[in-house]
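Visitor: Hi! Could you walk me through this protein, step by step?
Guide: Happy to, so let's bring it up first.

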Amino acid sequence: MQTTTTPVDTALAASIRTPDYDKLRGIGQRLQAQFLNYERDRRLAELRWAKSARQYLGIYDPEVESQIEKNRSKAYPKLTRVKCVSMLSRLMNLLFPSNEKNWTVTNTPVPNLSEEDLNTILTALKMNADPNVPLEDKMIELAVQEFAKERSHNLEREIQDQLSEVGGSRMVDYVSLCRKVLMSGIIYGMGVLKGPFIRMQMQRTWVHDPVVGTITPQTTNAFRPQFEFVPIWDYYPDMSAKYLHQMDGQFQRLVMARHQVRELANNDEYFGDVIKKYLTEHPKGNYKRRTYEAEVKAMGVQNNVNDQDGRKYEILVWDGYIPARDLAATGEDIPEDKMSDQIEAIVWLLDGEVIKADMNPWVRLDVDKKVNTYHHFIFEEDESTLTGNGLPNIVRDSAMAVAAGSRMMLDNASVICGPNLEINTDLMRMDQDLTSVHAYKTWYREGLGADAGVAAIRDLKFDSHLDELLKVTNLFREFADTETFIGPATGGDMSKGPSEPFRTATGASILKGDAALPFKDVVRNFDLFTQSVISSMVAFNEQFNPKQTIRGDHQVIPLGSTSLIAKEVRGMTLDNLAATLAPEDARYINRYELLRERLATRDIDLLSGIVCDKEEAKRRDKAAESAAAEQRQQTEELLRAEMRKTLAEATKNLTQADKNAAAADETQAAVMMDTINASLGTLEGDLNDGQSEGNAGKAKGGAGAGAGNPAPKQG
C-alpha cells in the first residue's frame, strides 16, 4: 500500500508548521460528511459492478438464483469471461507489442527553449558556418528543431527506462500495471492508476578526475517515479460531475494494519501526535465492512473468513479542492489575495481526524501547469454514468439468454434421458419397490381375464426440444459476438473465417486486421489514459531529473489508435514492397531497417537477439563486401586465366594452321614439280622418239640408193 502521496523531494516539502488542530477537526468532519455523500452517490454503480463481477465468475445474482427451483439445473456458461479475457488479450497485443511503444515524446512545432539552449545553438552554428555568410532565419529554425528533437528523444529514452520499474519494485513494470487497469476497465467500465510518487533509489555513477586521471565510483540518490493501481472498489469519484475533468475531487479508501498506521506517525509529513493519540484511544481499529465488500466476499472462498472489524484501520484520502482558509489552518503559507480561492490539496483522514494536509505538490511546483495524479481509463463512455460501461453490462442480456437456454436443455435432457414410466398400481404387486429403476430389475404384476392384456407399465415419450433450444442458444451467442465485436477471428480461430483461398497467411492477416478495426475506439480511449500518464512523467522529469540533455519543449503523442492498430496491414505492405522492388530501386532502400520493420509488424522482439544491432550489421556488411570483392577478384583472375588459355589455344591453332598451310603448299609444290617433271619427261620422250624415227628413215633411204634406186633430188 502506497503511503507517500507527495511526489516532491523532501527538500521541497513544506517546512515545520504549527497547525490549528481545532480548525483541522472541523475540516475533517466536513470532509468525512462529504465522503458519505460520495459513498451514497456511488451505491448504484456498486450494484452494477457486483453484477458484472458475478457475471464474470459465472455466479447467478441472488434475485435470479431465488427463481430457480431446487431440482433444476443451475448451469452458467462463462461466456462473459471468455469475452473479457479475449478483449484483454487483444488489447494487450495491440497496445504493448514486444518491440514498439504506444506513445512517443516529440518536440512542439515551435519549441520554446531556454536562453541558455538558444545561445548554445547559435554558438554551434557560428562555429560551423562560413564567417563571411550571415546566419539566416531558416538556418536557425532548422537548428532549433534538430536540437529540440534530440532533447525529446533523450527524454523519451529516459521515460522508457523509468517505466520498467514504476510499480515500486524492480519486478513490476508499466505493462503489468496497465494490464490491471485494462482488466478493471473491461469488467467494471473504469480503470484507475495513481501517481507519480517519488521513490529514492541508490545509483552508482563513475566520476573522472582530470587531475589524477582516475575513474572512481560514486553512489548518489536518484529520484524515480512510482505508480500504483487503484481498485475501483476503493475509488470514490464525484458522481455529480458530468465529466471527469469537472469533478471537485475524489476519495480513495485505504485499509491498513495498526503497525502501518503507526509508521505514518514517524513521517514528518503527517501529524504524528494526532495519529498516536487516536491509536491509543482506539486500539481495536475503526474499519467496518461496507455492503459491497460483503457482496464481493460472498462470491469467493473467503466467505468463511472472520470479519476484520476491530483489527484494521480505515483511512480516507481526499484529492481535490478545499477552501484556501481551511488549508491555511494546517500552517500552509497562503497569500492573502488567495484566501477566498479554492486550492487543490491532499488531505488524509483517520475517522474524521486530519492526519495530513498539504497543498497539491504539483500546484506548489508550477501553479500554471495541471498535472493529474489519478489517471482514468474508460472502456466505453456512457452519458448515464461517470464511471463508464463495462463489457459484462454490454453483453448481459445475451449471456443470461445463453445461460437460460443451457439450463432448459439440461433440464429437458434430464427428463428424457431415463425411462418415464406410467405404472398401474392396481395391476402391480405392492411388495416391490416401484420408485426406482435399475439394471436387471424384475417387475411383478397381477391381473386376470381382461386385465391380463393391459400393460401395467408404459414408457411415456416427451419431446426434448433440444434442437430448438440449441438454435436459440447459438442465436444469442451470435448476438454476444455482435455486441462485443469479439468473434472467432478475434481469438485467432480461422475455421469460421472466409473460404479456403482466404486461409493463406495473407488472407489470415487481412482477416485479423479487419477483426481489429472495432477495437479502435477502445484503443483511442486508452490513448487518453496513456497521454495523461506519460504527461505526468514528463512533468516529473522536468522537476526532479537533473540531466540537462532532456530539457526542452515536449509534447506527448499516443500511438495506439494510429499505428499499432494497423500493423497487419503495414506488414503486408512491407512484404509487398520487399517483393516488388526493382534492382535499380533497391539501392536506395535501407535493407536492414526494412527487415527490422517487417519483423516488428509480426511482434517479434528485436531485442531478443534475432536481429543483430547496427554495429554488428555494419561489420557483417563490410565482411560481405570484402568477401564479394574477393570473389569478384577471383572471378576476374579466373576469367583472365581462361582468356589467356583461350588465346594460347587460338595462337597454337593459328600456328598449326600456318604450319599445315605451309606443309600443304610444300606438298602442292612437290606435286606441281612432280607434274612438271613428269610432263617434261613425257615431252623429252616424245622428242627422243621423233628423232629416233628420223634417223631410222635416213637409214632406210641410204640403203635404197645403194641398191639401184636413185636418191631423190633435193629441191
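Guide: One term to begin: helices (H or I, at least four residues) and strands (E, at least two) are DSSP runs, numbered from the N terminus. This is a predicted model, where local features need pLDDT of at least 70, side-chain atom pairs count only at pLDDT 80 or more, and totals for chains, interfaces and linings use all residues. Residues are numbered from 1 along each chain as its sequence is written, and side-chain values use heavy atoms, with hydrogens and water left out.

Visitor: Okay, how many helices and strands are there in the protein?
Guide: The protein has 21 helices and twelve strands.

Visitor: And what share of the residues counts as buried?
Guide: Of its 715 residues, 37% are buried. Buried means under 20% relative accessible area, exposed over 50%, and partly exposed in between (1.4 Å probe, protein chains only).

Visitor: Let's pick a helix. What can you say about H4?
Guide: Helix H4 covers residues 79-95, which is 17 residues. From first C-alpha to last, H4 reaches 24 Å, close to the 24 Å expected at 1.5 Å a residue. That expected span is 1.5 Å times one less than the number of residues.

Visitor: Is H4 mostly covered or mostly open?
Guide: Mostly covered, with twelve of its 17 residues buried. Among them are Leu79, Cys84, Met87, Arg90 and Leu95.

Visitor: New topic: where is His554?
Guide: His554 lies in strand E12, residues 554-558. His554 counts as buried because its relative accessibility is 14%.

Visitor: Which backbone atoms does its side chain reach?
Guide: A polar atom of the His554 side chain lies 2.8 Å from the backbone oxygen of Ile550. The His554 side chain also reaches the backbone nitrogen of Gly552, at 3.4 Å. These are polar contacts: pairs of N or O atoms within 3.5 Å; within protein, one must be able to donate a hydrogen and the other to accept it, and residues adjacent in sequence count only if both atoms are side-chain atoms.

Visitor: What does His554 touch beyond its sequence neighbours?
Guide: Leaving aside neighbours within four places in sequence, His554 is in contact (heavy atoms within 4.5 Å) with residues including Val105, Arg151, Leu155 and Glu542.

Visitor: How much space lies in the second largest pocket?
Guide: About 900 Å³. Of the 32 residues lining that pocket, the closest to its centre are Tyr243, Leu244, His245, Met247 and His376. Helix H17 (520-544) is one of the elements giving two or more residues to this lining, and H17 gives the most, with five.

Key. On a 1 Å grid over the protein atoms alone, a cavity is a set of points where a 1.4 Å probe fits but cannot get out, and a pocket is an open set with protein on both sides within 12 Å along at least five of seven lines; lining residues have an atom within 4 Å of a point. Grid points are joined across faces, edges and corners, and a volume is the space filled by probe spheres set on the points.
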